[in-house]
Structure formats: structure tokens, C-alpha cells
Amino acid sequence: MTLQELKQLVSLGEGRTLEFKHRVPRAERIAKEVIALANTDGGRILLGVDDDGTLVGVDDAAEEAFMLRRAISQLCDPPVSYHTDRVVIAPRRDVLVVHVPESPGKPHVLRDAVESEGLAYIRVDDMSVEASPESVRLMEERPATNGMSVSFGESESLLLSYLNDYGRVTVAEFARMADLPEDEASAILVQLTRADLLMLHANRDEDFFTLSY
């Protein structure tokens with residue numbers, strides 16, 4: 001990547017696929033950002049760029065790359081594939097561009113020394129947030145193949161009727177209207193999403209579902 005290309009990228013501002021960092025933060029934080037990109041659409045982390053887009057650079061790109069590599073290898077489960085470019089912006093000042101592709105092996109989780117299972121993260125707008133159970137299940141189960149059959153009962157029919165009228169629904173709302181336990185309501189929503197009848201929308205506060213057609 002050239003300096004001009006870097007400036008053009010920075011001018012886009014932070015978003016779903018682009019994150020600015022002054023330098024590599026603590027290991028858990030940078031690992032979370034990498035995991036979120038890999039679990040969503042992929043993207044880039046620019047090390048040596050302030051939140052306002054100012055190119056400040058890092059003075060030791062090799063050390064930053066080492067800390068990044070150690071954080072990813074120790075805290076990302078399974079490990080996340082990535083590669084880096086170094087862009088010189090001034091004498092002894094570089095920006096490290098971390099390219100993280102969308103992962104075919106998602107979901108990736110942040111290893112936790114206390115919890116038996118780590119947490120998965122995804123990108124929502126310009127933030128990395130904890131993935132909902134429904135997002136994780138959809139990543140685990142992969143998209144359904146064409147021709148997946150779905151059995152429609154009273155709950156499914158009620159759901160589609162509600163969405164036709166109101167446009168969106170959360171797991172909790174569906175559970176209340178259909179008088180179902182939330183885990184059962186969640187399973188129905190995931191099944192219909194895998195069948196391409198619904199679409200999940202990740203949200204900072206609470207995920208919601210809409211019709212996909």
C-alpha cells in the first residue's frame with residue numbers, strides 16, 4: 001500500500017470494516033478487534049492512526065507486529081489469519097496496516113482464563129460488540145443449502161404475520177407473543193434465517209429480525 005492509498009483509506013473514517021488505533025493496545029483489546037472483523041465481513045486495522053484520522057505512526061513497527069502476533073496467537077480461538085503492510089509516513093514513523101479477511105472458520109472467540117468458553121465478537125457500525133447467541137449459532141451452522149424444508153406451525157405463522165405488519169422483531173418480543181421460552185423462540189428465528197426467510201440485524205443494544213423478502 002502506498003502513502004497516497006493509505007490517506008485515501010483513512011479519509012473514509014472508521015466503520016464496519018475499518019478501525020484506527022494509535023498503537024497496539026492491551027492484548028485482549030486488539031484480539032477482540034481482530035476477532036470481530038474475522039467474524040463479520042473482514043476489514044483492516046490501522047496501527048499508527050488517531051481516532052480523528054491523524055497519521056501519527058509508530059516508531060517501531062517490528063515491535064508492534066510482534067505484540068499483535070502474540071495477542072492473536074494467544075487469545076484468538078481458533079487462530080485468525082491476517083497479514084500486514086508497513087507504510088512509511090515519515091523518517092522512523094510507520095503505519096502498520098493489518099488486513100483481516102472474513103474467516104471461513106468463524107466463529108472465533110476471545111480466550112478467557114476464567115470462563116470455560118470465550119466470547120465471540122462482531123462488528124456493528126464502527127464498534128466491536130459481543131455477538132448474540134443467534135449470531136453465533138448462524139456462524140456455527142453456516143447458511144442453509146437451497147431447498148431446505150421448514151415446518152410451519154402456529155408460532156411460525158404468527159411470526160410472519162407480525163413481521164408483515166410491524167417489520168421487525170426481537171427474540172424477547174417473539175417469545176412473549178407466541179408464549180414460548182426464549183431459547184425455543186431463538187431456535188425458530190435461527191432456523192427461518194438459515195432458510196433465507198428472515199434476516200438477522202446485529203444491533204449494539206439488541207439484535208432484531210426482519211423478513212428477507
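A residue counts as partly exposed when its relative accessible area lies between the limits for buried, under 20%, and exposed, over 50%. By this rule Asp126, at 33% relative accessibility, is partly exposed. The structure described here is a predicted model.

**Domains and their interface**

The protein chain is divided into domain 1, residues 3-130, and domain 2, residues 137-211. The contact between them takes 10 residues from domain 1 and six residues from domain 2. The C-alpha centres of the two domains lie 32 Å apart. Together domain 1 and domain 2 bury about 700 Å², with 67% of this area on carbon and sulfur atoms. Lys106, Pro107 and Val124 supply 50% of the area that domain 1 buries against domain 2, more than any other three residues.

Two salt bridges are found across the interface of domain 1 and domain 2. The count of residue pairs in polar contact between the two domains is one. On the side of domain 1 that touches domain 2, five residues are nonpolar, two are polar and three are charged.

**Salt bridges**

A search of the whole structure finds 14 salt bridges.

| Pair | N to O distance |
|---|---|
| Arg204 and Asp126 | 3.0 Å |
| Glu33 and Lys21 | 3.2 Å |
| Arg204 and Asp125 | 3.7 Å |
| Glu141 and Arg137 | 3.7 Å |

Arg204 forms a salt bridge with Asp126. This pair links distant parts of the chain, 78 residues apart: Arg204 is in the loop between β9 (198-201) and β10 (208-211), and Asp126 is in the loop between β7 and β8. Arg204 is partly exposed, with a relative accessible area of 43%. The side chain of Arg204 also meets that of Asp125 in a salt bridge.

The side chains of Glu33 and Lys21 meet in a salt bridge. Glu33 lies in helix α2 (residues 27-39) and Lys21 in strand β1 (residues 18-21), so the pair ties together parts that are 12 residues apart in sequence. Glu33 is buried at a relative accessible area of 7%, and Lys21 is buried at 5%. Both residues belong to a network of salt bridges that links Glu19, Lys21, Glu33 and Arg123.

Glu141 and Arg137 are four residues apart in helix α4 (residues 133-141), and are therefore separated by about one helical turn. Glu141 is partly exposed, with a relative accessible area of 32%; Arg137 is partly exposed as well, at 27%.

**Backbone and loops**

The peptide bond from Asp77 to Pro78 is cis, with omega near -10°. Pro78 is placed in the loop between β3 (76-77) and β4 (83-90). The bond from Lys106 to Pro107 is also cis, with omega near 15°, and Pro107 lies in the loop between β5 (93-100) and β6 (109-110). Lys106 and Pro107 were named above among the residues that supply area to the interface.

Ser103 lies in the loop between β5 and β6. With 14% relative accessibility, Ser103 counts as buried. Beyond residues up to four places away in sequence, Ser103 touches Ala38 and His108.

Arg92, in the loop between β4 and β5, has a positive phi of about 60° although it is not a glycine. Arg92 counts as exposed, at 68% relative accessibility. Asp125 is not a glycine either, and has a positive phi of about 55°. Asp125 is found in the loop between β7 (119-124) and β8 (127-130), and is partly exposed, with a relative accessible area of 48%.

Methods:
Residues are numbered from 1 along each chain as its sequence is written. This is a predicted model: local features need pLDDT of at least 70, side-chain atom pairs count only at pLDDT 80 or more; totals for chains, interfaces and linings use all residues. Side-chain values use heavy atoms; hydrogens and water are left out. Domain bounds come from an automatic or database domain assignment. Contact means heavy atoms within 4.5 Å. Buried area is the accessible area (1.4 Å probe) that two parts lose on being put together, summed over both. A salt bridge is a side-chain nitrogen of Lys or Arg within 4 Å of a carboxyl oxygen of Asp or Glu. A polar contact is a pair of N or O atoms within 3.5 Å; within protein, one must be able to donate a hydrogen and the other to accept it, and residues adjacent in sequence count only if both atoms are side-chain atoms. Ala, Val, Leu, Ile, Met, Phe, Trp, Tyr, Cys and Pro count as nonpolar, Asp, Glu, Lys and Arg as charged, and the others, Gly among them, as polar. Helices (H or I, at least four residues) and strands (E, at least two) are DSSP runs, numbered from the N terminus. Buried means under 20% relative accessible area, exposed over 50%, partly exposed in between (1.4 Å probe, protein chains only).
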